Amino acid sequence: MPQDDKDSHDNRAEYVSQQSAYPSVRSFFKVPGPVRQLFDKFPLITYPPNQLPQRSPRDRENHTLYIFITQSEANNGDTSFNPSCLKWQAYLKFARVQFRTVPSTNHSSPTGALPFLLASVSDVIPSQEATLPIPSNRLQKWISEQGATPEEPSDIRYDAYLSLIDHRIRRAWLYALYLEPRNFTAVARRLYVQPCSSSSLVSATIAYQLRAAAEAELLKHSVLIDIDDLYSEADNAFDALSTILGENTFFFNNENPGLFDASIFAYTHLLLDEGMGWKETKLIKGLKKHKNLVQHRQKIYKTYFGGLK
């Protein structure tokens with residue numbers, strides 16, 4: 001991104017100016033002769049970056065998206081059970097990018113988070129940049145570079161509409177999944193805890209960390225967690241999104257789905273997917289009030305994932 005380039009340039013310039021402004025400091029901390037001679041004999045070695053996990057493809061003939069997903073679901077081309085991953089999984093499909101999915105976790109991700117993508121490499125000796133993973137915040141740019149960007153709206157209220165998903169619906173999702181006891185036991189524990197370890201102690205630690213992280217995230221926006229308010233805000237968001245969609249097939253009356261459609265689908269699909277095994281369904285009931293949002297989810301799932309046949 002241009003901003004990233006600008007920041008890097010500013011940091012380099014600042015470093016150079018600091019070095020030239022303090023010559024006395026450099027001379028004061030000059031490396032003593034004996035120490036310098038020691039490093040002359042045993043020079044420091046710069047090691048290459050950490051390698052990708054062993055399961056990473058070596059041929060790199062196909063684009064590979066690493067997401068939260070079971071192996072059987074990946075083999076069948078099904079959806080991720082994580083909204084952040086499903087958003088980009090759907091968007092890649094909207095853009096007609098051919099890729100495969102591989103089960104992964106945040107701990108095994110080189111970027112520290114999912115999803116990330118390894119682009120195919122056709123060169124015999126690929127450049128180092130070509131072999132680096134692409135994190136989610138760079139996926140839209142990467143997709144546009146492939147010349148396959150779906151149509152995006154120019155509505156000046158786009159960011160305000162998107163905040164309904166990224167804030168109101170996401171907060172209610174966090175509470176429903178991690179802090180509703182019955183849902184955590186039936187859904188979150190099965191998907192995020194049990195696959196990590198068979199040790200009861202390790203599982204208990206992971207479960208505690210997940211719930212604590214969700215609680216901390218919610219408390220960033222409020223002094224206390226008001227359950228009724230969370231669900232009410234989500235219901236209001238669904239109301240607004242239903243009005244925005246209207247009788248159109250996709251948002252903003254686009255002929256094909258775009259990133260906004262992927263963002264809302266990532267939540268509506270997982271809430272309406274009976275395979276998730278939800279026990280507490282307050283959030284789901286609020287969504288089901290809006291027939292057009294349910295149909296929007298069905299249209300995308302059937303068209304791009306082959307579901308609901």
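**Helix packing and cysteines**

I looked up H8 (residues 181–193) and H9 (residues 200–219) and found that their axes come within 11 Å and cross at roughly 110 degrees. Axes here are lines fitted to C-alpha atoms, for helices over the stretch in contact, with angles from 0 to 180 degrees between N-to-C directions. Helices are DSSP runs (H or I, at least four residues), numbered from the N terminus. The angle makes H8 roughly perpendicular to H9 (65 to 115 degrees; under 35 is roughly parallel, over 145 roughly antiparallel, the rest oblique).

The model is predicted, and I took local features only at pLDDT of at least 70 and side-chain atom pairs only at pLDDT 80 or more, while totals for chains, interfaces and linings use all residues. Residues are numbered from 1 along each chain as its sequence is written, and side-chain values use heavy atoms, without hydrogens and water.

I then listed the contact (heavy atoms within 4.5 Å): Phe-184, Arg-189, Tyr-192 and Val-193 of H8 meet Ser-203, Ile-206, Ala-207, Leu-210 and Arg-211 of H9.

Next I checked H7 (residues 158–179) against H11 (residues 259–272): their axes are 10 Å apart, at an angle of about 20 degrees. That makes H7 roughly parallel to H11. Among the contact residues I noted Tyr-161, Ile-165 and Trp-173 of H7, and Phe-260, Ile-264 and Tyr-267 of H11.

Last, I looked for disulfides (cysteine sulfur atoms within 2.5 Å) and the count was 0. Cys-85 is buried, at 0% relative accessibility, and Cys-196 is partly exposed at 43%. Buried means under 20% relative accessible area, exposed over 50%, and partly exposed in between (1.4 Å probe, protein chains only).

Conventions
Helix = DSSP H or I, 4+ residues; strand = E, 2+ residues; numbered from the N terminus.
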